[in-house]
Each structure stands twice: as C-alpha cells, then as structure tokens.
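Hi,

Here is the structure I promised to pass on to you. Have a look at it first, and then read my notes below.

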Amino acid sequence: EKLQKLKTTQNFEHEEYVRIMGFNQRGEGVLEPGDVDRCVDYARGFVVKEFKPDEDTLLRHRRMSSQGSSGSSLFKPRAEIVVMCQDSSTIEGHSGGPCVNEKGEVVGILSRADQLEKRRCYIVPTSDWMSLVKQAKKKSRFD
C-alpha cells in the first residue's frame with residue numbers, strides 16, 4: 001500500500017485543537033486476546049502550553065552527547081508540548097504516534113502520558129525530532 005507522507009510544521013498555538021493518532025490496544029481492531037490492534041484511531045485534545053527545560057539541563061545533556069554517551073541519555077527534548085485530551089485519556093498504543101493540527105500537519109510525536117492526570121500528555125515538537133532524523137540519515141548506511 002502506498003501511503004501519503006504527512007507534512008510537518010514547527011508552529012503550534014496555545015489552545016490549538018490537535019489529534020494524537022495511534023493504535024488503541026483496547027479497541028475494536030483487536031481480533032483475539034493478546035493480539036495487536038490493526039485499526040488506527042485518535043484522541044482529540046488541545047495545546048495547553050510549551051515546557052522548556054532550563055539552560056543548565058540543556059548544557060548537561062549536550063556535554064553527555066559530546067562525550068559519547070549512548071542510549072536514551074543522548075536524546076532529551078529541548079521542549080515539550082503539553083496537550084489535554086478532551087474526550088478520554090491518552091490511549092495505550094498511541095505512544096510514538098503523530099500529533100496533528102486541524103490542517104493535518106504534524107506538530108510533534110507523543111512521548112508520554114501524565115501518570116497522575118490521565119488526560120494530560122506530552123508531545124516532542126517537530127523541531128526536536130526532525131534533527132534526530134537528519135542525524136540518523138547522515139549515519140545510516142542504508143540511504
């Protein structure tokens with residue numbers, strides 16, 4: 001199947017309506033217990049705010065990266081978009097899914113849900129993960 005590429009944007013607005021796409025692992029697309037859902041769905045929400053770590057935290061992460069650290073310590077988002085879901089909590093299976101605005105542009109990727117407030121979730125902005133894609137393409141032998 002040939003899928004159309006999603007457009008990305010680095011722009012988002014406070015109170016902008018968005019949808020987080022994913023595969024609901026408790027949804028109707030599950031054929032048998034333990035099976036993976038085959039139906040894409042989405043959670044509706046809106047942008048609450050942008051969270052940015054302080055400069056000391058950013059410098060510490062840059063130093064770790066330059067010293068050859070590996071694994072998840074290499075990537076810490078420089079910012080996160082906080083989204084409140086309207087109709088339900090963020091659904092298991094949506095992590096890593098795109099968060100799109102009403103124009104269908106990807107504003108970020110879902111990284112995590114809030115453990116205490118189930119309707120709140122955190123999105124890594126396009127500007128952060130696109131730099132990772134560029135780095136990966138440079139290092140890849142499979143271009």
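Let me begin with β5 and β6: they run antiparallel and are joined by five bridges (strands are DSSP runs of E, at least two residues, numbered from the N terminus, as helices are for H or I runs of at least four; two strands pair if DSSP finds at least two bridges between them). One of the residues involved is I109, whose bridge partner in β6 is V124. Helix α2, residues 126-139, packs on the sheet and touches β5 and β6, where contact means heavy atoms within 4.5 Å. The direction of α2 makes about 50° with that of β6; axes are lines fitted to C-alpha atoms, for helices over the stretch in contact, and angles run from 0 to 180 degrees between N-to-C directions.

Before you go further: this is a predicted model, where local features need pLDDT of at least 70 and side-chain atom pairs 80 or more, while totals for chains, interfaces and linings use all residues. Residues are numbered from 1 along each chain as its sequence is written, and side-chain values use heavy atoms, without hydrogens and water.

Now to the loop between β5 (106-113) and β6 (120-125), where you will find D114. D114 is buried, with a relative accessible area of 12% (buried is under 20%, exposed over 50%, partly exposed in between, with a 1.4 Å probe and protein chains only). Beyond its neighbours within four places in sequence, D114 is in contact with R120, C121 and Y122. As for C121, it is buried too, at 0% relative accessibility.

Enjoy exploring!
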